[in-house]
Amino acid sequence: MKIINDFNKVFFIFFSILPLSIVVGPSVSLLNILILVLMYFYVFFYKNHYKILKNSNVLKFLFLIYLYLILNSILSINHEISLTRNLGFIRLILLFITINYFFSLYQNNLKILSFWSIVITIFVLDVYLERFTGTNMFGWGAQEINGIPQPNGSRVVSFFKDEPIAGAYLNGFIFLILGYLISKIKKEEKLKIIFTIILIAIFYFSVVITGERSNSIKATFGIILFFGLLDFVKTRYKILLFTAFVGAVIFVISSSNYLKNRYFGQIYSQTFLSSDSNFFQDNIYLKLYKSGLNVFKNYPFFGVGNKNYRIESCKDKKDIIKYDYQCTTHPHQTYIEFLAEHGIVGTLILLSIFFFLIFKNLKIIILSKNYIQLGCFINLLINFTPLLPSGSFFSDFNITLFFINFSLMYALNKKTNIFFVEKKN
């Protein structure tokens, strides 16, 4: 029992700092995950969890993805590059098991989310600070440093310093944190609704003011769905509040020249003030999408291999011109990335398994009124928003955020946690 208690204490510390480790960088978050996984390995052999790994249907599907990724490496145009990314997917499966085990031990482990709430709240406040003052609490985010123009313009970077991914980071946590904070509110219905609206507004607009259009649209879809599925808010209030929500969004964006130009001006000028031919020829994202689809056309069945898009799209100039490629790391759209790097076969395998595992417990989540699980579900769902630009799905940053939500969606309910389900069976 002492071993389990020690595990719980140490795990509590390292899992609590996981959001911070992601901000520091991929190497630190990877080290953090490896420490968590290695700690569970000790418990695995100590308590002989082999039966759970053997019998869990969820784990069978996750290992099926892993086996497919190994096959993808073999079929890729550059085996070494693909293999380094695909082999590392095992850490995420082990993280999933570890998180499920940890939250099967004690209910008070939810206190971790209290610490996460503080971290994300500080991040949110820092985003507001940078938007209104031009720099965050560390002085980062200025449009110019020592007279040198910064590449991200007026987009808020917050603690990421020189990467415009603050909105993506917030989307990775705000929904589950909203679910956690709402579940902690023990007020009468009207007060609970008021607190919920305030929390949603604070978190949602922190994404909008980053200036990241794609992540703001995803956050919009997510907030509407999240609010729509809350059981303690009556339908007539939802309609009224939705109308007020639309008005608030327009007001906030219109109150900032940068945001107004970012969300309305640039889109309007590119779409309506340019001829159709120029718009479709000059829009950078359409060029990237077209390039990704051209890679897919050349490798339709199994794609070029995970992380190999850059190899194919950046080869000699003759092929770039011939196939109308855009030399970049990925085509900046999840579905097109899947098609280009995994082909139609790999895309069907990945999407069918991910969607099945995401949706299979939706009824349980809704009936259980587990708002944290609901927040995680919504985060996973908006990751697959069609058409919108996105980061590379399997990059360390994106896949880590994805699997944190995926793991918690299963772990935080006795009816879905793989350890409780296995004991029940």
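These are my notebook entries on one predicted model of a protein chain.

**Entry 1: the whole chain**

I began with the overall counts. The protein chain has 425 residues, and 51% of them count as buried. I found 22 helices and 2 strands listed for the chain. The accessible surface comes to about 20200 Å², and 66% of that area belongs to carbon and sulfur atoms. I also looked up how far apart in sequence the contacting residues are. Among contacts between residues at least 6 apart in sequence, 73% join residues at least 24 apart.

**Entry 2: salt bridges**

Side chains of opposite charge can pair when their charged atoms come close.

I took Asp 396 and Arg 91 to start with; their side chains meet in a salt bridge at 3.1 Å, N to O. Asp 396 lies in helix H21 (residues 396-411) and Arg 91 in helix H7 (residues 90-105), so this pair ties together parts that are 305 residues apart in sequence. I then checked the accessibility of each partner. Arg 91 has a relative accessible area of 11%, so Arg 91 is buried. Asp 396 has 39% relative accessibility, so Asp 396 counts as partly exposed.

I went on to Asp 324 and Lys 290, whose side chains meet in a salt bridge at 3.1 Å, N to O. This pair links distant parts of the chain, 34 residues apart: Asp 324 is in the loop between helix H17 (317-323) and H18, and Lys 290 is in helix H15 (residues 284-298). Asp 324 is partly exposed at 32%, and Lys 290 is partly exposed at 46%.

I also noted the salt bridge of Glu 312 with Lys 315, where the closest N and O atoms are 3.1 Å apart. Is Glu 312 buried or exposed? Glu 312 has 2% relative accessibility, so Glu 312 counts as buried. Lys 315, at 27%, counts as partly exposed.

**Entry 3: two packed helices**

Two packed helices are described by the angle between their axes and the distance between the axes. I looked up helix H11 (residues 213-228) and helix H20 (residues 371-382), which pack at an angle of about 145° with their axes 10 Å apart. H11 passes H20 in a right-handed crossing. On the H11 side, I listed Lys 218, Gly 222, Leu 225 and Phe 226. The residues they meet in H20 include Tyr 371, Leu 374 and Gly 375.

Thr 196 lies in helix H10 (residues 189-208). Thr 196 is buried because its relative accessibility is 1%, and buried means under 20%. Not counting residues up to four places away in sequence, Thr 196 touches Ile 182, Leu 230 and Phe 232.

Phe 44 is in helix H3 (residues 26-47). Its relative accessibility is 13%, so Phe 44 counts as buried too. Leaving aside neighbours within four places in sequence, Phe 44 is in contact with His 49, Tyr 50 and Leu 53. I also checked Phe 44 against Thr 98, 54 residues apart along the chain, and their C-alpha atoms are separated by 9.4 Å.

**Entry 4: a nonpolar patch**

Last, I looked at the surface. Leu 71, Ile 74, Leu 75, Phe 301, Phe 302, Ile 344, Val 345 and Leu 348 form a nonpolar patch there, with about 710 Å² of accessible area together. The elements giving two or more residues to the patch are helix H5 (57-75) and helix H18 (334-359). I picked out Leu 75, which is found in helix H5. Leu 75 has a relative accessible area of 39%, so I wrote Leu 75 down as partly exposed.

Technical notes: Residues are numbered from 1 along each chain as its sequence is written. This is a predicted model: local features need pLDDT of at least 70, side-chain atom pairs count only at pLDDT 80 or more; totals for chains, interfaces and linings use all residues. Side-chain values use heavy atoms; hydrogens and water are left out. Patches are made of residues with over 30% relative accessible area and no salt bridge: like charges are joined within 9 Å, nonpolar side chains (Val, Leu, Ile, Met, Phe, Trp, Tyr) within 5 Å. Accessible areas come from the Shrake-Rupley method with a 1.4 Å probe; for residues, only the protein chains shown count as cover. A salt bridge is a side-chain nitrogen of Lys or Arg within 4 Å of a carboxyl oxygen of Asp or Glu. Helices (H or I, at least four residues) and strands (E, at least two) are DSSP runs, numbered from the N terminus. Buried means under 20% relative accessible area, exposed over 50%, partly exposed in between (1.4 Å probe, protein chains only). Axes are lines fitted to C-alpha atoms, for helices over the stretch in contact, and angles run from 0 to 180 degrees between N-to-C directions. A crossing is left-handed if the near helix is turned anticlockwise from the far one by less than a right angle, and right-handed if clockwise. Contact means heavy atoms within 4.5 Å.
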